[in-house]
Amino acid sequence: MMRWKALPALLLLLSAAACTPDRTAANAPGTPAGGPTGSPSPTAGAMLAADCGTHDLGHQSELPAASLSCLLDAVSGRRPAVLRVTRLTIEGDPIRFTYTVQQDGQVEVLTDTREDAFGHRGIMRELCNGPAAGPPALEFAQCSTPTPVR
């Protein structure tokens, strides 16, 4: 059974409200990238990770198909890649997700809730398998138990 990968906050993110602008112009899918600013560095490796985009999705927007394809292609090809997504809680607080494809095909998911005034504040890490495109974001067949990063 597939499950949403966004912790309980994802349910809060699906409410109808205004969306923030999408910041993808500077980060076109498939371009090299470094670690995300303000969050722990994903996994260091000899190969530069493909940048699958950075998106501020607000409450209702879905990930662009090109970004989903970039990440899913990296998983199937076992190539490093990074996708960064920000969604908003009902109250408007940002929840940041960093999806990093490992060379073994697993996806490291970092969920940063440090700016969520009404929820758990911290960064959680999971290793996930079996990613699939599912509105509004990614679904995974299986993930490890979330563990705190900080």
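Proline 146 is found in the loop between E8 and strand E9 (147-148). The model is a predicted one. In this model, proline 146 is partly exposed, with a relative accessible area of 30%. That value lies between the limits of 20% for buried and 50% for exposed residues. Valine 109 is 37 residues away from proline 146 in sequence. In space, the two C-alpha atoms are 9.1 Å apart.

The overall architecture was considered next. The protein contains 2 helices and 9 strands. Read from the N terminus, the order of elements is β-α-β-β-α-β-β-β-β-β-β. The chain has 150 residues, and buried residues account for 46% of them. The accessible surface is about 7,400 Å². Carbon and sulfur atoms contribute 58% of that surface. Contacts were also sorted by sequence separation. Of those between residues at least 6 apart in sequence, 56% join residues at least 24 apart.

The largest nonpolar core comprises 22 residues. Leu83, Tyr99 and Phe140 have the most contacts inside this core. Several elements each supply at least two of its residues: strand E3 (49-58), helix H2 (65-77), strand E4 (81-88), strand E5 (94-101), strand E6 (107-112) and strand E8 (137-143). The largest share comes from H2, with 5 residues.

Aromatic side chains were examined separately. The structure holds 2 aromatic pairs. One of them joins phenylalanine 97 and tyrosine 99. Their rings are stacked, at 6.3 Å centre to centre and with 15° between the planes. Both phenylalanine 97 and tyrosine 99 are buried. Tyrosine 99 also pairs with phenylalanine 140. This pair is stacked as well, at 6.3 Å centre to centre and with 25° between the planes. Tyrosine 99 belongs to strand E5 and phenylalanine 140 to strand E8, so the pair ties together parts that are 41 residues apart in sequence. Phenylalanine 140 is buried, as is tyrosine 99. Phe97, Tyr99 and Phe140 together form one aromatic cluster.

E5 and E6 pair in the antiparallel sense over 6 bridges. In this pairing, phenylalanine 97 stands opposite threonine 111 in E6. The hairpin of E5 and E6 has 5 residues between the strands. There, glycine 105 takes a positive phi near 95°. E6 also pairs with strand E7 (residues 123-134), again in the antiparallel sense and over 6 bridges. Here valine 109 stands opposite glutamate 126 in E7. Valine 109 is also the residue whose C-alpha lies 9.1 Å from that of proline 146.

E6 is mostly covered, with 6 of its 6 residues buried. Val107, Val109 and Thr111 point one way from the strand. Glu108, Leu110 and Asp112 point the other way. Residues of both sets are buried. Aspartate 112 lies in E6. Its relative accessible area is 9%. Aspartate 112 therefore counts as buried, given the limit of under 20%. The side chain of aspartate 112 makes a polar contact with the side chain of arginine 114, at 2.6 Å.

E3 is mostly covered, since 9 of its 10 residues are buried. E3 and E4 pair in the parallel sense over 6 bridges. Aspartate 56 stands opposite threonine 86 in E4. Glycine 58 lies in E3. This glycine is buried, with a relative accessible area of 1%. Glycine 58 and threonine 89 are 31 residues apart in sequence. Their C-alpha atoms are 8.3 Å apart in space.

Methods
Residues are numbered from 1 along each chain as its sequence is written. This is a predicted model: local features need pLDDT of at least 70, side-chain atom pairs count only at pLDDT 80 or more; totals for chains, interfaces and linings use all residues. Side-chain values use heavy atoms; hydrogens and water are left out. A nonpolar core is a set of buried Ala, Val, Leu, Ile, Met, Phe, Trp, Tyr and Cys residues joined through side-chain atoms within 4.5 Å. Buried means under 20% relative accessible area, exposed over 50%, partly exposed in between (1.4 Å probe, protein chains only). Helices (H or I, at least four residues) and strands (E, at least two) are DSSP runs, numbered from the N terminus. Contact means heavy atoms within 4.5 Å. Accessible areas come from the Shrake-Rupley method with a 1.4 Å probe; for residues, only the protein chains shown count as cover. Rings of Phe, Tyr and Trp (its six-membered ring) pair if their centres lie within 6.5 Å; planes under 30 degrees apart count as stacked, over 60 as edge-to-face and the rest as tilted. A polar contact is a pair of N or O atoms within 3.5 Å; within protein, one must be able to donate a hydrogen and the other to accept it, and residues adjacent in sequence count only if both atoms are side-chain atoms. Two strands pair if DSSP finds at least two bridges between them.
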